[in-house]
Every structure is written in structure tokens, then in C-alpha cells.
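This report goes through the side-chain interactions of one protein chain.

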Amino acid sequence: MRHRLAAAIARQSAPIRIVVFLGLLLLIWLPFAAPIQWLAWRLNSDQIPLIALGILYVEFLLLLRVWRQELYHEPHPLYRCGFKVSRRFMRLALQGFAMGCLGVAVLFGVEVLLGWATLAAPGRSLLGLALEGLVTAIAVGFCEELFFRGWLLIELEQDYGPFGALVVSSGLFAIAHYIRPLAVILATWPQFLGLYLLGITLVWAKRASRSPRYVQQTKRIGESLGAPMGLHAGLVWSYYVVNVGSLIDYSPAVSLWIVGIDGNPLAGLLGIILLGAIAIYFRIIAEQGLKTAGLSDR
């Protein structure tokens with residue numbers, strides 16, 4: 001019975017499989033989330049709901065393993081998603097992290113050099129801020145990448161191919177950031193294009209792990225989440241330090257559409273240009289890997 005049900009789900013289209021997976025995930029999670037949310041409401045705490053989010057992600061990891069094994073008979077589901085801790089994974093993650101930090105540093109450096117912003121004294125200890133931001137960045141990079149560029153991307157690739165999966169997964173990634181109250185959605189809508197481009201950049205960062213050298217050495221196309229996890233974490237960490245530490249003061253003379261509405265680079269022209277440059281870089285590397293393997297990204 002179990003195997004017949006798994007086979008029936010595996011034959012469905014990607015949207016149905018994704019809805020079933022998310023439905024199962026929420027069904028398992030709600031019995032834990034409801035009392036935790038009630039407790040947070042009674043104690044007026046903003047920290048307690050984080051416990052529910054932690055439980056949700058642990059359940060996602062467990063369900064992902066069962067899902068890929070039962071539906072597709074994969075012995076190592078996390079490997080299939082691109083998550084395998086190794087020297088190569090760590091090297092790609094560190095390179096991605098450095099690129100994310102460098103990109104943000106260049107972005108704000110250009111703004112300062114052009115007189116659009118000035119450096120300000122940090123509002124709190126930089127060391128504490130850096131450590132706090134690092135924990136946040138690693139958590140965001142790991143969780144979002146394993147979900148969007150791991151499980152979701154490969155589910156979409158099975159039906160729509162590399163290009164279709166790139167377009168759809170990046171759109172869903174951007175939309176997911178708007179599961180918020182209407183007032184917040186209206187206030188943050190200008191960053192949608194930046195989020196969409198970020199999603200595309202992170203997909204190409206994953207596919208760039210299919211470098212010509214790696215293909216020639218291993219004779220296989222193995223994609224790693226190391227680069228997108230590192231890049232995502234680097235972008236989050238460096239922006240966190242600058243934003244929460246209040247290290248930048250913007251000139252009132254510069255348009256917010258250039259530097260970013262509410263100081264968010266994803267909602268500004270310079271941030272879009274930065275992401276575009278990173279995306280093109282990873283796209284070129286990804287194409288080289290495909291050509292070496294005699295494959296197409298379409």
C-alpha cells in the first residue's frame with residue numbers, strides 16, 4: 001500500500017507533488033506549532049516562535065529523506081539535493097561567502113566614494129554584531145538553499161528541465177518572502193525584482209559547481225549547494241553587519257531608487273547591478289561545465 005501510494009504520487013506533475021509535500025509538512029508540524037504559538041501569545045514573546053521554526057525545519061529534513069527514498073528510491077537524498085559535506089563543498093562555500101561579502105563591500109564602497117553615503121560609527125560592538133550576524137547568515141543560507149535550490153529545484157527540473165526550473169523556482173523564492181501581512185507586502189514590494197534576480201543568481205551558483213575541471217576529473221555532473229549556501233550567507237552576513245550596526249548614513253540628495261528603498265540594496269539600482277554581475281559570472285562558469293559535458297541548460 002505504501003509503495004503504491006508513493007508510486008502514484010511520483011507520477012503526478014510537479015505542482016501536485018510540491019503541494020502534497022508541503023501539505024504533509026504542515027500536517028506534521030501544526031500539532032507542535034499551535035501550542036508553541038499559543039504560549040508565545042500568552043507570554044508576549046518574539047523568541048518562542050523560533051522554536052516552532054526550528055521544529056519545522058527538522059521535520060523538513062526528515063520528510064525530505066523519506067520523500068526522495070520512497071518516491072524516487074534514492075539512497076542519499078541530501079546528496080541528490082547537492083548537500084554533501086566534503087572538502088570541495090567547504091571550499092565552494094567559503095568562496096561563495098567571500099564573494100558575497102566582497103560584493104556588499106564594493107556596493108557600499110561605491111556609494112561612499114560617489115558621496116551618496118558616509119561611514120558612521122557602529123551603534124554597538126562590532127564583534128558581537130558580527131557573531132550574531134554570522135549565526136543568522138549561516139542559518140538562512142543553509143535553510144533557504146536546501147529548500148529552494150535543493151528540494152524544490154530538483155522537483156521542478158524533473159518536469160520542466162533546467163531553464164523552466166530556474167524561472168519557476170526563482171519566482172517562488174521571491175514570492176515566499178511576501179508571506180506577510182498586507183501592510184508589510186505593500187512596503188517591501190520594490191524588492192521583488194531583486195529577490196527574483198537573487199534566486200536566479202543562487203541557482204546559477206549551484207550549477208557553476210559543474211566546472212569544466214570538476215567534470216573532467218570525475219566524469220560526472222555533480223551540483224553542490226556549497227556555493228549558493230556560502231554566497232547567500234555572505235550577502236546576509238555583510239548586509240546584517242552594515243544595516244544593524246548602522247554603519248552607513250545615506251545622503252538625502254541621492255534617489256532611493258539608486259541606493260535602495262529603506263536602505264535595502266535589493267530595492268535599488270546598484271543592488272540589481274551587483275546581483276546581475278554575480279549572476280553573469282556564475283552563468284559563464286555553469287555554461288563552461290555544460291559544454292565540457294556535452295549537455296544543454298535548456
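Two rings of Phe, Tyr or Trp (its six-membered ring) are taken as a pair if their centres lie within 6.5 Å; planes under 30 degrees apart count as stacked, over 60 as edge-to-face and the rest as tilted. The model is predicted, and by this rule the count comes to 16 aromatic pairs.

**Aromatic pairs**

One of the pairs is made by Phe60 and Phe147: the ring centres are 5.4 Å apart and the planes meet at 50°, so the pair is tilted. This pair links distant parts of the chain, since Phe60 is in helix H3 (residues 49–72) and Phe147 is in helix H6 (residues 126–176), 87 residues apart. Phe60 is buried, with a relative accessible area of 1%. Phe147 also counts as buried, at 19% relative accessibility, where the limit for buried is under 20%.

Tyr178 and Phe192 form another tilted pair, with 6.0 Å from centre to centre and 45° between the planes. Tyr178 lies in the loop between H6 and helix H7 (182–188), while Phe192 belongs to helix H8 (residues 192–207); the two are 14 residues apart, and the pair links distant parts of the chain. Tyr178 is buried, with a relative accessible area of 12%, whereas Phe192 counts as partly exposed at 34%.

One aromatic cluster is formed by Phe21, Tyr57, Phe60, Trp67, Phe83, Phe89, Phe142, Phe147, Phe148, Trp151 and Phe173. Phe60 and Phe147, the tilted pair described above, are both among its members.

**Charges over rings**

Lys84 lies over the face of Tyr79, at 4.9 Å from the ring centre. Arg149 lies over the face of Phe173, at 4.3 Å from the ring centre. Phe173 is also a member of the aromatic cluster.

**Salt bridges**

Side chains of opposite charge can pair when their charged atoms come close. The structure holds nine salt bridges, among them the ones in this table.

| Salt bridge | Closest N to O |
|---|---|
| Glu155 and Arg17 | 2.8 Å |
| Arg80 and Glu74 | 3.5 Å |

The bridge between Glu155 and Arg17 links distant parts of the chain: Glu155 is in helix H6 and Arg17 in helix H2, 138 residues apart. Both Glu155 and Arg17 are buried. Arg68 and Glu74 are both buried as well.

A network of salt bridges links Arg17, Arg68, Glu74, Arg80, Glu155 and Asp159.

**Cysteines**

How many disulfides are there? The count comes to zero, with the cut-off set at sulfur atoms within 2.5 Å. For Cys81, the closest cysteine sulfur is that of Cys143, 14 Å away, which is too far for a bond. Cys101 likewise has its closest cysteine sulfur in Cys143, and the 19 Å between the sulfurs is too far for a bond. Cys81 counts as buried, at 0% relative accessibility. Cys101 is also buried, at 16%.

**Nonpolar cores**

Which residues touch the most other members of the largest nonpolar core? Of its 62 residues, these are Phe60, Trp67, Leu146, Trp151, Leu231 and Phe282. The elements that give two or more residues to this core are helix H1 (2–10), helix H2 (14–43), H3, helix H5 (87–113), H6, H8, helix H10 (226–244) and helix H12 (269–293). H6 supplies the largest share, 13 residues.

Leu146 touches Tyr57, Phe60, Leu61, Leu78, Cys81, Phe83, Trp151, Leu225 and Met229, leaving aside residues up to four places away in sequence. Another core, of six residues, lies apart from the largest one; its members include Trp29, Ile36, Ala40 and Ala52.

Phe60 takes part in the tilted pair with Phe147, belongs to the aromatic cluster and is one of the residues that touch the most other members of the largest core. Trp67 and Trp151 are likewise named both in the cluster and among those core residues.

Methods. Residues are numbered from 1 along each chain as its sequence is written. This is a predicted model: local features need pLDDT of at least 70, side-chain atom pairs count only at pLDDT 80 or more; totals for chains, interfaces and linings use all residues. Side-chain values use heavy atoms; hydrogens and water are left out. Helices (H or I, at least four residues) and strands (E, at least two) are DSSP runs, numbered from the N terminus. Buried means under 20% relative accessible area, exposed over 50%, partly exposed in between (1.4 Å probe, protein chains only). A charge sits over a ring if NZ of Lys or CZ of Arg is within 6 Å of the ring centre and within 35 degrees of the ring normal. A nonpolar core is a set of buried Ala, Val, Leu, Ile, Met, Phe, Trp, Tyr and Cys residues joined through side-chain atoms within 4.5 Å. Contact means heavy atoms within 4.5 Å. A salt bridge is a side-chain nitrogen of Lys or Arg within 4 Å of a carboxyl oxygen of Asp or Glu.
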